[in-house]
Amino acid sequence: GETIFVEARNTAIVDSKPIEWPATYVVTLRDDMVTRGRPYYDRTEALMPFEPVLVSNHPNAHVTLLHGALPHGSSALDMDAYASEVYERIVAPYAANGMDPDPVKFQQFYAPDARMINPGFERPLRRNELPGYYTELKSQIKDLQLHLERWAVAPGLLFIEWTVTGQFAGRRLVLPNTDRFSLRDMLVNEGVAYFDDLALCAL
């Protein structure tokens with residue numbers, strides 16, 4: 001439709017030191033005017049230079065995930081046909097599984113050498129680790145559901161905006177989230193999530 005997803009490596013200088021944090025921006029247009037705009041990023045990564053309590057000795061694979069990334073160019077693909085295939089093979093079944101997550105089923109969307117990177121991950125997860133990750137997630141978040149909001153494709157890329165709901169630490173969880181999937185042969189070879197890990201810590 002009229003929704004645009006932008007993935008960006010944000011940089012700044014704080015007290016003469018360079019900092020960075022990755023983000024996605026979801027913008028909906030109508031007649032070339034913005035009707036909705038929302039950033040997705042982890043405040044822990046952005047605010048760490050200002051809040052010593054957020055500093056961790058653990059590595060964070062998410063912060064540097066866009067190092068060396070190059071802009072994706074145009075393609076001669078028939079984008080309508082490509083988008084339809086991506087929707088049928090990935091978006092629709094992924095969203096269906098998200099409403100009642102089966103941890104093992106998530107594997108079917110990923111290539112054998114795929115990796116997943118979420119905010120706070122010390123290292124990427126591999127395909128064979130996904131069932132265990134989602135099983136643990138379901139044990140922490142009761143009635144976990146992923147609600148599909150918007151999605152968009154470009155050659156080799158799929159962006160999805162979700163709302164994650166459930167019960168977390170005895171409280172109602174409503175967590176906006178985006179995923180960027182890099183695709184190869186209609187399988188995900190890299191899945192990257194953008195959400196505010198600080199909001200989860202607050203719960």
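## Contacts around Glu-190

Contact here means heavy atoms within 4.5 Å. The model is predicted. Leaving aside neighbours within four places in sequence, Glu-190 is in contact with Arg-115, Ile-117, Arg-180, Phe-181 and Ser-182. Glu-190 itself sits in strand β9, which covers residues 187–194.

Is Glu-190 buried or exposed? Its relative accessibility is 12%, so Glu-190 counts as buried; the cut-off for buried is under 20%. Two arginines meet its side chain. The side chains of Glu-190 and Arg-115 are joined by a polar contact of 2.6 Å. Another polar contact, of 2.6 Å, joins the side chains of Glu-190 and Arg-180.

## Ser-182 in strand β8

Ser-182 belongs to strand β8, residues 171–184. Ser-182 counts as buried because its relative accessibility is 14%. The side chain of Ser-182 makes a polar contact of 2.9 Å with the side chain of Arg-180. Arg-180 also has the polar contact with the side chain of Glu-190.

What does Ser-182 contact, leaving aside its neighbours within four places in sequence? The partners are Gly-156, Leu-157, Leu-187, Val-188, Asn-189 and Glu-190. Phe-159 is a further reference point: Ser-182 and Phe-159 are 23 residues apart in sequence, and their C-alpha atoms are 8.8 Å apart in space.

Strand β1 (residues 3–14) and strand β2 (residues 17–30) run antiparallel, joined by twelve bridges. Glu-7 stands opposite Thr-24 in β2. The hairpin of β1 and β2 has two residues between the strands. In this hairpin, Asp-15 takes a positive phi near 50°.

Strand β2 also pairs with strand β3 (residues 33–40). These two run antiparallel, with seven bridges between them. Leu-29 has Val-34 in β3 as its bridge partner. Here too the strands form a hairpin, with two residues between β2 and β3. Asp-31 lies in the turn and has a positive phi of about 55°.

## The buried face of helix α3

Which residues of helix α3 (residues 130–140) are buried? They are Leu-130, Pro-131, Tyr-133 and Tyr-134. Seen down the axis of α3, these buried residues fall within an arc of 160°, so they line one face of the helix.

That set of buried residues packs against three elements: α2 (79–99), β4 (110–117) and β5 (125–126).

## Aromatic pairs and the cluster

Aromatic pairs are counted when ring centres lie within 6.5 Å. How many aromatic pairs does this rule give? The count comes to nine. Consider Tyr-94 and Phe-109. Their ring centres are 4.9 Å apart and their planes stand at 45°, so the pair is tilted. Tyr-94 lies in helix α2 and Phe-109 in the loop between α2 and β4, so the pair ties together parts that are 15 residues apart in sequence. Tyr-94 counts as buried because its relative accessibility is 1%. Phe-109 has a relative accessible area of 3%, so Phe-109 is buried as well.

Both rings belong to one aromatic cluster, formed by Tyr-94, Phe-106, Phe-109, Phe-121, Tyr-133, Tyr-134, Trp-162 and Phe-181. Tyr-133 and Tyr-134 are among the buried residues of helix α3. Phe-181 is one of the residues in contact with Glu-190.

Conventions: Residues are numbered from 1 along each chain as its sequence is written. This is a predicted model: local features need pLDDT of at least 70, side-chain atom pairs count only at pLDDT 80 or more; totals for chains, interfaces and linings use all residues. Side-chain values use heavy atoms; hydrogens and water are left out. Helices (H or I, at least four residues) and strands (E, at least two) are DSSP runs, numbered from the N terminus. Buried means under 20% relative accessible area, exposed over 50%, partly exposed in between (1.4 Å probe, protein chains only). A polar contact is a pair of N or O atoms within 3.5 Å; within protein, one must be able to donate a hydrogen and the other to accept it, and residues adjacent in sequence count only if both atoms are side-chain atoms. Two strands pair if DSSP finds at least two bridges between them. The arc is that of the directions from the helix axis to the C-beta atoms. Rings of Phe, Tyr and Trp (its six-membered ring) pair if their centres lie within 6.5 Å; planes under 30 degrees apart count as stacked, over 60 as edge-to-face and the rest as tilted.
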